[in-house]
Structure formats: C-alpha cells, structure tokens
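Please find below a colleague's note on the structure shown here. The remarks are set out as numbered points.

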Amino acid sequence: IECELGDWDNAMMHCSELRTLAEATKDAESVAAALMSQGRAERAQNHWHEALECYLKANELFMEVGNRAGVCAASRSMGIIYGNLGDHAASTRCLETSLSMATAIGDRESEVKALGNLAIVYDLEGRFEESEKAGKTCLEYFLDTGDFSSAAKTSLNLGIVTLAGGRFAG
C-alpha cells in the first residue's frame with residue numbers, strides 16, 4: 001500500500017523488516033521474495049543501482065532453490081533496470097532469459113511481459129522489425145485476454161516503432 005501512495009520511507013522500512021524476518025528463518029525463497037519487493041520499491045524511486053543489486057541477489061537465490069518462476073521475474077526486472085541504465089546488451093540478455101524461462105514453465109503472461117520489454121529495447125537499438133513483431137504478439141495477447149489498457153499502451157508503442165522505423169505513410 002505504501003508504494004501505491006508513494007510513501008517510500010514506510011515501504012522501504014517494511015521491505016527491510018520482511019527481509020530481516022526472512023533471513024532469520026534462513027528460507028532462501030522468502031529472502032528472494034523480500035529482495036524482489038525491495039527492488040520494486042527502489043525501482044519506483046528511480047534508484048536503478050540499488051534495485052539492480054536486489055534483483056541480482058534475488059535471482060541468485062531463486063536459482064539456488066530451483067524457483068524458475070522467480071528466475072523469470074528477477075531476470076525480467078533486471079532487464080528493465082539495465083534498459084533504464086542504457087545497457088541494451090545486458091537488458092536484452094536478461095529479457096531473453098526471462099522469455100525462455102517463461103516459455104519453459106508455460107507462463108504465457110510472463111512471456112508477453114518479457115516480449116513487450118524486448119520490443120522496447122529492440123526499438124531503442126533500431127531493430128524495428130523485431131520490435132514490431134514482438135509488439136504485435138503482445139497486442140494480440142492483450143486483446144485476446146481482454147486487457148484493453150495494456151493493448152492500448154502496446155498499440156501506442158507500435159505506432160512509435162512505425163514512426164521510428166520510417167514506415168509511416170502519411
């Protein structure tokens with residue numbers, strides 16, 4: 001709730017408490033989940049390096065316990081951070097890892113999330129055809145599932161890709 005209200009001090013305090021409790025139980029999966037929460041709070045405040053540190057640690061713990069869904073989520077989050085830091089190669093590697101992990105575990109929603117973020121990175125790299133293909137796949141999924149808000153955002157992104165790629169016939 002604190003995150004939704006922008007109450008970052010309380011959000012970070014709760015994340016820290018959650019992490020301390022999880023570390024006390026020596027439950028690696030709970031520590032990883034706490035790190036993911038802390039990473040989201042850091043990311044929401046544009047604290048890219050702090051968020052990345054949380055996601056890297058969470059990813060390592062998820063790998064240790066064999067939680068492929070956790071690895072998928074942490075990899076996607078790291079990809080977003082690397083993208084915001086301007087490291088498109090690292091962003092692409094993380095997002096492709098997330099995509100392949102989501103495919104392997106049959107998590108279509110996570111596949112689309114990774115693919116949507118890849119579409120943005122591809123666009124930034126000038127890989128317009130790949131960006132457009134990924135975006136269209138996302139758009140189809142969102143329309144099929146009735147997620148019209150995400151479909152609208154994806155449609156807007158596709159319009160930007162079309163303009164950036166010089167394929168606008170207007």
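1. Basis of the note. The model is predicted: local features need pLDDT of at least 70, side-chain atom pairs count only at pLDDT 80 or more, and totals for chains, interfaces and linings use all residues. Residues are numbered from 1 along each chain as its sequence is written, and side-chain values use heavy atoms, with hydrogens and water left out.

2. Geometry of α4 and α5. Helices here are DSSP runs (H or I, at least four residues), numbered from the N terminus. The axis of helix α4 (residues 48–65) comes within 9 Å of the axis of helix α5 (residues 68–84), and the two cross at roughly 155°. Axes are lines fitted to C-alpha atoms over the stretch in contact, and angles run from 0 to 180 degrees between N-to-C directions. The helices α4 and α5 are therefore roughly antiparallel, a term for angles over 145 degrees, whereas angles under 35 degrees count as roughly parallel. The crossing of α4 with α5 is left-handed, meaning that the near helix is turned anticlockwise from the far one by less than a right angle.

3. Residues joining α4 and α5. Contact means heavy atoms within 4.5 Å. From α4, the residues W48, A51, L52, Y55, L56, N59, F62 and M63 meet G70, V71, A74, S75, S77, M78, I81, Y82 and N84 of α5. This contact comprises 12 nonpolar, 5 polar and no charged residues. Ala, Val, Leu, Ile, Met, Phe, Trp, Tyr, Cys and Pro count as nonpolar, Asp, Glu, Lys and Arg as charged, and the others, Gly among them, as polar.

4. Packing of α5 with α7. Helix α7 (residues 108–124) and α5 have axes that come within 10 Å and cross at roughly 15°. Helices α5 and α7 are therefore roughly parallel, and their crossing is left-handed. On the α5 side, C72, R76 and I80 meet S110, K113, A114 and N117 of α7. By class, this contact has 3 nonpolar, 2 polar and 2 charged residues.

5. Aromatic pair. Rings of Phe, Tyr and Trp (its six-membered ring) pair if their centres lie within 6.5 Å, and the count is 1 aromatic pair. The ring centres of Y141 and F142 are 5.7 Å apart with planes at 70°, so the pair is edge-to-face (planes over 60 degrees apart). Y141 is buried, at 19% relative accessible area, and F142 is also buried, at 13%. Buried means under 20%, exposed over 50% and partly exposed in between, with a 1.4 Å probe and protein chains only.

6. Positive phi angles. Most residues other than glycine have a negative phi. K26, not a glycine, has a positive phi of about 60°. K26 lies in the loop between α2 (8–25) and α3 (28–44) and is exposed at 73% relative accessibility. N46, not a glycine either, has a positive phi of about 65° and is placed in the loop between α3 and α4.

7. Two serines. S98, in helix α6 (residues 88–105), is buried with a relative accessible area of 0%. Leaving aside neighbours within four places in sequence, S98 contacts C72, S75, R76 and A114. S155, in helix α9 (residues 148–164), is partly exposed at 39%. The C-alpha atoms of S155 and L139 are separated by 6.8 Å, although these residues are 16 residues apart along the chain.

Definitions and conventions
Angles under 35 degrees count as roughly parallel, over 145 as roughly antiparallel, 65 to 115 as roughly perpendicular and the rest as oblique. Rings of Phe, Tyr and Trp (its six-membered ring) pair if their centres lie within 6.5 Å; planes under 30 degrees apart count as stacked, over 60 as edge-to-face and the rest as tilted.
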